[in-house]
Structures are given as C-alpha cells and as structure tokens.
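Colleague: I have a structure open and would like to learn how to read it. Can we go through it feature by feature?

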Amino acid sequence: MSTNRRFAALRKITSNWLALAGCGIILLALLLALVPGLFATHDPYVLDLPNRLQPPGSEHLLGTDDFGRDVYSRIVYGAQYSILTALLVVGAGMGLGCLVGLIAGYVGGWPDEILMRATDVVLAFPAVLLAMVVVAAIGRGLTNTVITLILISWPEYARVMRAQTLVAVQQEYVLAARAIGVPAWQIMWRHIVPNTLSALIVQATLNLGVAILSLAALGFLGLGAQSPQPEWGLMVSSGRNYFLDAWWYPVFPGLAIAIVTLAFNILGDTLRDILDPLNT
Amino acid sequence: MSLSQFVVRRLFLLLFMLLAVTALTFFLSRVIPGDPAQTMAGMRASREQVENMRVRLGLDKPLPEQFALYLGDLLRGDLGTSITNNRPVLENLQKFFPATIELALFAFLIATLLGIPLGVLAAVHRNGWIDHLSRIGALAGIAFPSFWLGIVFILVFFYHLGWLPAGRRVDVSMMVSYTPITGLILVDSLLTRNWALFQNGLSHIILPALTLAVAPMARFTRFTRAVMLEELRKPYVLTAHGKGLSPSVVTRRHVLRNALIPTVTIMGLAIGYMLSGSVLVETIFSWPGVGQYAYDAVFNLDYPSIVGVTMLTTICFLLTNLIVDILYAYLDPRIRY
C-alpha cells in the first residue's frame, strides 16, 4: 500500500463519524486493558459482602455483584482478558495461517495437498463444538481457551493467503525475482506478503470481534477464564443466577462485550470499503 | 463433469472428511483428563471393579486398536454407551436431536423472513435512512453475544412483561397430550390438530429462536444488500427499465431472483451454524437438545457422547454444504462442475 493510499484511508476513516466512533472505542478499550488502575474506582477482587447486589448509584457506578465487588471496576479490569487475549488469538492465528497458506501456495504439489486437506478438516468442524472438545481435552482456563481458539482460527487465513499467493507467483515481478536468484523465503516475505496485507488486515479486524465473542462464550460456558478473574463472559454467566434481582450484574458486562465487538466490526467494515473495494 | 459425477465425488470427499473428523475427535476425547472407567464404575468401586470396567470398555487396549474397534462399532450403528446416563449414545441423540432441529429451523425461518426483505429494502433505498438503520442494526446484531441477548429477552419478555415463557419446549402439563410423530412438537401438534399444544409450543420457541436468529439475520441483511447492489448495477436492469417495466417489477422479478442465488450459499452455512451454535442458547433456555447434551457431556467427561454429538453435527454441517452446492448448480444454469 502506497503512502498516498494510506493517507486516503486515514482521511476516509476520519471523515466517517461511525468509523471514528469505532476507533475511539477501541482506543479507550486498549487504555482500559493496559492501565486499568487509572479508570477503576474499586479493587476488582476485594469482597464486601454487606454491600452485595447493590444497584447502580453514586458509590458503585454500575452496582455490585454477589460478593459485593464493584461491577464497573471489574469490567475495567476485564478489558485485558477480552481485548489483549483477542489480539493474541487473532495475531497468532493469522501468523500460523499465513505461514501455512504461503507454503501451500508457493511450494504447491503434495505439501499443498496435505496442508489444504488439514484446513478442510478443521473447517468441517462446527467451531463452538470443536472449541468445547479441545478445551475439555486440554483442561479449562484462559490459556487453554486461547490455544484452542488459535488452533481453530488459522485455516481461514491459510485459505486467503494461499489464494493470494497463487495469484502473486504468476506475476512478472515474482518471476523476475526468481530469475535473478532471490531466495524463496525472501520472495515470500518481501514481495508476496506485502501485497496480501490489505486483504488480511480486513479479515483480521473483523475476526477480532469474533475472537472477543468466542472468548466470552467459552467463559460463559465455564470453560475459559475461571473465577475470580473478571472476564466479561464469566461475569455474565455468574450474573445470570441473580438477574431477576440484580439485572445490572449480567447486563453491563454483556454490553461491554457488545460495544467493543461492534467497534471492531465497524472498523473492519470501513477498512473493507477502503482497502478492498471489489469486495464490498 | 456432470452434476451426478460431482455429487458422487463430493460424497466420497464427505466420507473422507467424516473419517478424519472421527479420528480427530476420538483422539482428542482420549486425552481428556479424568478416568472414564472410574466414573462408570462409581466413586466407591474397588480397584478390581474399576479394572473390570476398564476391560469392559476396551480402555486397556492400545489407542489405535481402540480406534479400530470404535470404527467397527460405528459401522454397526453402535456409538457406545453414555457415561452420564448409561443409555446408548444413539438413543440419546435420537431423543435430543429433534428439539435442536426444530429450534434451528424456526430460527432460520425468522432470520430469512426478516433478514432478506430488509437487505432488499436497504439496497433499493441505498444511503436512505432505512439503509443506515439496517447497517447499524446488522452490525449490532453480529456484535451482541447470543447468551447475553437470551438473558435480556428473558428479563424483558418473561419477567417484566410476562408475554412469553422462558425455558423448555412446552409446559410440563402439556406433555401428556403429546404424541410424537416427527419429534418436532410444532409439526406434530399441527398434524394431530392439537391446537392447545401448538400454541404452547409456539410461545416457548419464540424467545430461544429469536436469540439464535439475530446473528444470522444480520448476516442475511448485509449479504443480500451487497448482492442486490451488485445486480442493480448490471446492464439488464437498465434494459428492463427501458422497456417501461415498473421499478417494483424490475426489483422483484429480475434483480431479486438473481441476487438470491449467491444468498443461498450463506443461508446454507447459517443452518449449519445454527445446528451447532445452539449450545449457548440451549443452555440458557433449558432447551432439551443436542447442544445441552454436548454441554453436559463435556462437563461429565462423557467421551462416547462427545464423539457422538460431534459426529452428528459434523455430518449435518457437511451435508448442508453439499446440498447448498447442488442447489446452487440447480439455480444457476451457468454453473457446471
């Protein structure tokens, strides 16, 4: 992508208020994830049983949970579990997938066949079920959830990368690079990867939303983060038992999930309009 | 390649995929921590009893041999015995699957009937208020977690407004009058003209189905809009307008028909998604389907059930994909395999 196009992309984002709002929310969420202490009003772990299930008010902005912990502060501290882990899932999944796709597309032949059949098998599994089975096999917990989601997410990128690589290897500049004896890995890294970047960025941004939802879903099912971690999905799940008396307990963490996911979706949608005009 | 050759080839591929999926699930389920023999024999069983159970379950044999035995059983239609309730897994699946199908089909109906017209309207009134509204609605629809939507729906429509029940397929008292034919309560009650049961079943299914339908509906809307816009740009639309056809006829008879062809693909994918993605919705609404069965199985380390459910959902997933591909070829005569 040339500097000119990059500048145009930036201008298009800033001229679109919806995309701008999305970016603002993502920046804020990142801040919450990195320095939660700046925003939290209470300690997210300290129990305060006399004040359990208090409604939202001046002392507790979004009320308290069944242990008297401040829901707002727990949401603030929970941002790292949702956003940073989602970034990790998407980053690692994309890295793995790109590597597989590059090799499959560039080398061709039987490695291509084997790698692509492997992606087919993973894609044939219904994602939620596969995640449940893998987490059950390697044990519950946030780390295992992240590993599972990486294992599930790579095939999508592998497919995109392979398709792009197959097109790229036919281009004259790649043939020319080959002819003058540039090593294969350098051709892949310097010539093929940069040209597939825009399609991958769009995919990755949209998948950040998916990753946040999947992490929350596994947390909700009790397979991901474990109590007392203030993970948003887990908070909705524990709040579910009290929702008739304390609606704020499950509702606000769920809203946090939705708002951040929405922000990533809006950004991804806008980026697609800009970077990938054929595929709108 | 003719269509029949294509179907045969795809069926072979399906068999291969099934084998791979079975192998993967089987080996994954074997590394699950915990001891199934101990669970089956009971917590107070002696060491000898546990060993006997291990031999009976074939767990003392090496893994590849266990897998060969499992495949043999599978071909005879024996999926093993559930560790949770001691019943054959096949019987459990037969019992729970109709509920999941009914929920998924109903959700699919909602998503299609609302999502596609909304997409068409958004495309026809491009950049109008309906387009913007549908865009925000669709983006939000994909962003809200289904488990959270379910809880909010229960809170609003059951608890505060008291309009709809939340949980189970019908009231327990209604089950007495139910005679299963297909296993789908709504269909069966229509067939037997049991209106009270139909009404009761309908009121129970609305909230879970709506929860399950929100995300696919959002996707249908966005996708239909995109395809419609692409079709509207084509020269034949100009010709149709030039012939003096009214705009609504052009939209309905020409543009929509062509736009629906690619939409079929994502509709098929959505059915597969709903059949497998109902785990969350089923646990929230205590819907006695395969999703809840899978959830219980995972928590009870009930590996025969886990493998069984995974097999079943994967077959559905692969079959819907196959049907979509065939339907696609049928709808669009230009596509030849």
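**Reading the model**

Modeller: Start with a buried pair: both A:Arg69 and A:Asp65 are buried. Buried means under 20% relative accessible area, exposed means over 50%, and partly exposed lies in between (1.4 Å probe, protein chains only). This is a predicted model, where local features need pLDDT of at least 70, side-chain atom pairs count only at pLDDT 80 or more, and totals for chains, interfaces and linings use all residues. Residues are numbered from 1 along each chain as its sequence is written, chains are lettered from A and ligands numbered from 1 in the order in which they are written, and side-chain values use heavy atoms, with hydrogens and water left out.

Colleague: Which residue forms a salt bridge with A:Arg69?

Modeller: The term first: a salt bridge is a side-chain nitrogen of Lys or Arg within 4 Å of a carboxyl oxygen of Asp or Glu. A:Arg69 bridges to A:Asp65, with the closest N and O atoms 2.9 Å apart. A:Asp65 also meets A:Arg74 in a salt bridge, at 3.6 Å from N to O. A:Arg74 is buried as well as A:Asp65.

Colleague: How many salt bridges are there over all chains?

Modeller: A search of the whole structure finds twelve. One of them joins A:Arg117 to A:Glu113, with the closest N and O atoms 2.5 Å apart. Both residues lie in helix H5 (residues 109–124) of chain A, four residues apart, about one turn of the helix. Helices (H or I, at least four residues) and strands (E, at least two) are DSSP runs, numbered from the N terminus. A:Arg117 has 28% relative accessibility, so it counts as partly exposed. A:Glu113 is also partly exposed, because its value is 44%. A network of salt bridges links A:Glu113, A:Arg117, A:Asp120 and A:Arg159.

Colleague: At what angle do helices H8 and H9 of chain A pack?

Modeller: Axes are lines fitted to C-alpha atoms, for helices over the stretch in contact, and angles run from 0 to 180 degrees between N-to-C directions. H8 (residues 172–179) and H9 (residues 184–220) of chain A pack at about 175°, with axes 11 Å apart. H8(A) and H9(A) are therefore roughly antiparallel. The cut-offs: under 35 degrees is roughly parallel, over 145 roughly antiparallel, 65 to 115 roughly perpendicular, and the rest oblique.

Colleague: Which residues of H8(A) and H9(A) make the contact?

Modeller: Contact means heavy atoms within 4.5 Å. H8(A) supplies A:Tyr173, A:Val174, A:Ala177 and A:Arg178, and H9(A) supplies A:Ile187, A:His191, A:Ile192 and A:Asn195.

Colleague: Where is A:Asn265, and is it buried or exposed?

Modeller: A:Asn265 sits in helix H11 (residues 248–275) of chain A. It is buried, because its relative accessibility is 7%. Not counting residues up to four places away in sequence, A:Asn265 touches A:Leu206, A:Gly209, B:Leu139, B:Ile142 and B:Ala143. A:Asn265 and A:Gly22 are 243 residues apart in sequence, and 8.3 Å apart in space, C-alpha to C-alpha.

Colleague: What should I look for in the backbone?

Modeller: Most residues other than glycine have a negative phi, and most peptide bonds are trans. The peptide bond from A:Ser227 to A:Pro228 is cis, with omega near 5°. A:Pro228 lies in the loop between H9 and helix H10 (232–239) of chain A. A:Leu53 has a positive phi, near 55°. B:Arg193, not a glycine, also has a positive phi, about 55°. B:Arg193 is exposed, because its relative accessible area is 64%.
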